[in-house]
Amino acid sequence: MITHLPARPPTASPPFSATDPAWDNSTPPPGEPRQLISLYAPAPAGLAAAFVRAAGGRERFYWAEPAHGLVLAGAGVAAQLISPPVLADAERLPEQRFSDIEAQARRLFTGALLRPASGADLAPGLAVLARPRLCGGFAFQDDFVPDNTWSVFNPAEFLLPHYQYAQKGDAACLTINALLGPGEDLDEALRGLAEALRLYLAATLTLAVAPAAAPIGPTTLRYPMTAPQWADIIGRAVAAIRAGALDKVVLARVGEVWAEAAIDAAAPLAVLDADYGDSYRFLFEPCPGHAFLGATPELLAGKSGRAVATMALAGSVARGRSPAEDDALAAQLLTSAKDRHEHQFVVDAIRAQLAEAADALDVPATPVVLRLRNIQHLHTPIRGQLRRPDDSILRLVRRLHPTPAMGGVPRDRALAFLRDAEPFPRGWYAAPIGWFDSAFDGVFAVGIRSAVTQHARVWLYAGAGIVAQSTAEREWAETALKFRPMLGALGVGEMG
């Protein structure tokens, strides 16, 4: 279901509300055919985080890739793509939400027009950076229904930002996206958008000196699931594995943080950027005050033309307190039969899933250790070439989600076990989060090391892969490590 929203909300956060042209607040009635039009201009680099801060009180998206990759920031909504929850008496094919979003996106991008703003000084390749991108993600389970924690989220939802900032390397640009309705004059609309872009870009130039987000005030932290309850669930999982009903299942637990005042999601995002630049940092805020954010090390799928990339990431150990201890722990991880067994499930599943769509698969025979700020993982990078050049990133996401690193083996039985065993809905935790463009190229990460904010409350999630050799104590300690990125970003002391 494509929802076309006003190009700007009736009230907007300063400094952008006072001087925007009237056309910028104009939109045709919903349901009429529209044409996506986008104008872009060069912008200064290094403004994405400040751009997101200044968009507080509006719909926001932020995305930053590791190793100085692509950075995106979006403010406001030009269009919204939704695959809504299905009622109990309705029928939906498994994984239909992926095809729902692709069909809506193809309609949205049909006839789309991308132009540089008049007089813009354009560097080579800037149009590729400036192209409009749909930003969002999916719930973990097909049958997701919003609950109190995930009240504003859908089984699948993507936003086309009204203003989109993009940076890669030293190049950066600002794009304005809008929908042209029947009867509207294209030239007049382009003039209005060009003026809106000029004014927004002028205001963007001041963002580098804008104050950082206010720190989060006093908080309280609790873990709703007790250690004995966790041990009971782990015991059930291990019993199912030893009985042959499962090979592996990934179980999660939650932490709950309460603050004395509403939390601006841009505040923890700034900490994640500073401390976890080796991960995919993201923020998806479809409704002000309700944001899903995190810093995940795990790439689910990336597609550029026919080239596709993913990874197996499973098996974990802590970082050492010295270089020697760090190396010893890494060696222990590489030789751990339990962790190598858990990791191989993921490698084998991804290889089988990609083999149906890709050739020339490059799957290293042995994993390496990926060292992050507070944890080490077994890591196998996987690459290939799609057989069909018109295959979309969404079909790859549908094929790969959830990997055994997030669900289990066999997939269907593991998901059924999770529905029954976990005492809370996962929502978008451990699900695909990312972006795609009109060529259906894009990048999706797995939404782990993450949290969902709801005004003054935050729910944090952390999971662990369970195999026959797992123990409740070890998996509790592993999830405690995985809570640390978000606890640190929120400025919360650790407990449990």
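Predicted model: local features only at pLDDT ≥ 70, side-chain atom pairs only at ≥ 80, totals over all residues.
1. Helices (H or I, at least four residues) and strands (E, at least two) are DSSP runs, numbered from the N terminus.

2. Residues are numbered from 1 along each chain as its sequence is written, and side-chain values use heavy atoms, with hydrogens and water left out.

3. Buried here means under 20% relative accessible area, exposed means over 50%, and partly exposed lies in between (1.4 Å probe, protein chains only). A contact means heavy atoms within 4.5 Å; among contacts between residues at least 6 apart in sequence, 77% join residues at least 24 apart.

4. Helix α5 covers residues 227–242, and its 16 residues reach 22 Å from the first C-alpha to the last, close to the 22 Å expected at 1.5 Å a residue; the expected span is 1.5 Å times one less than the number of residues. The buried residues of α5 are W230, I233, I234, A237, V238, A240 and I241. Seen down the axis of α5, these buried residues fall within an arc of 160 degrees, so they line one face of the helix, the arc being that of the directions from the helix axis to the C-beta atoms. On the other side of α5, P228 and R242 are exposed.

5. What lies over the buried residues of α5? The cover includes β12 (248–259), α10 (411–421), β24 (457–466) and α11 (472–490). A residue of α11 to look at here is E475, which counts as buried at 0% relative accessibility. Leaving out residues up to four places away in sequence, E475 touches W230, I234, K338, A464, G465, I466 and S470; of these, W230 and I234 are among the buried residues of α5.

6. K338, one of the contacts of E475, is also among the buried residues of helix α8, as are D339, E342 and H343. The 19 residues of α8 (residues 337–355) should span 27 Å at 1.5 Å a residue, and the end C-alpha atoms are 26 Å apart, which agrees.

7. S316, in strand β16, is buried, with a relative accessible area of 7%. S316 and D339 are 23 residues apart in sequence and 7.3 Å apart in space, C-alpha to C-alpha. Not counting residues up to four places away in sequence, S316 touches D339 and also L333, I375, Q376, H377, R474, E478 and K482.

8. Grid points are joined across faces, edges and corners, and a volume is the space filled by probe spheres set on the points. There are 5 cavities of 30 Å³ or more, and the largest cavity holds about 170 Å³. Of the 20 residues that line the largest cavity, A405, M406, R449, G463 and K482 are the closest to its centre, and the elements that give two or more residues to this lining are β12, β16 (307–318), β24 and α11.

9. The largest pocket holds about 730 Å³ and is lined by 33 residues, of which E65, K168, Y280, G302 and V443 lie nearest its centre. Strand β16 gives the most to this lining, with 5 residues.

10. Some backbone features deserve a check by eye. A cis peptide bond joins H401 and P402, with omega about -15 degrees, and the peptide bond from V409 to P410 is also cis, with omega near -10 degrees. F440 has a positive phi of about 60 degrees although it is not a glycine, and F440 counts as buried at 3% relative accessibility. A430, in the loop between α10 and β21 (432–437), has a positive phi near 65 degrees.

Conventions. 1 Å grid on protein atoms, 1.4 Å probe; cavity = no way out; pocket = protein on both sides within 12 Å on 5 of 7 lines; lining within 4 Å.
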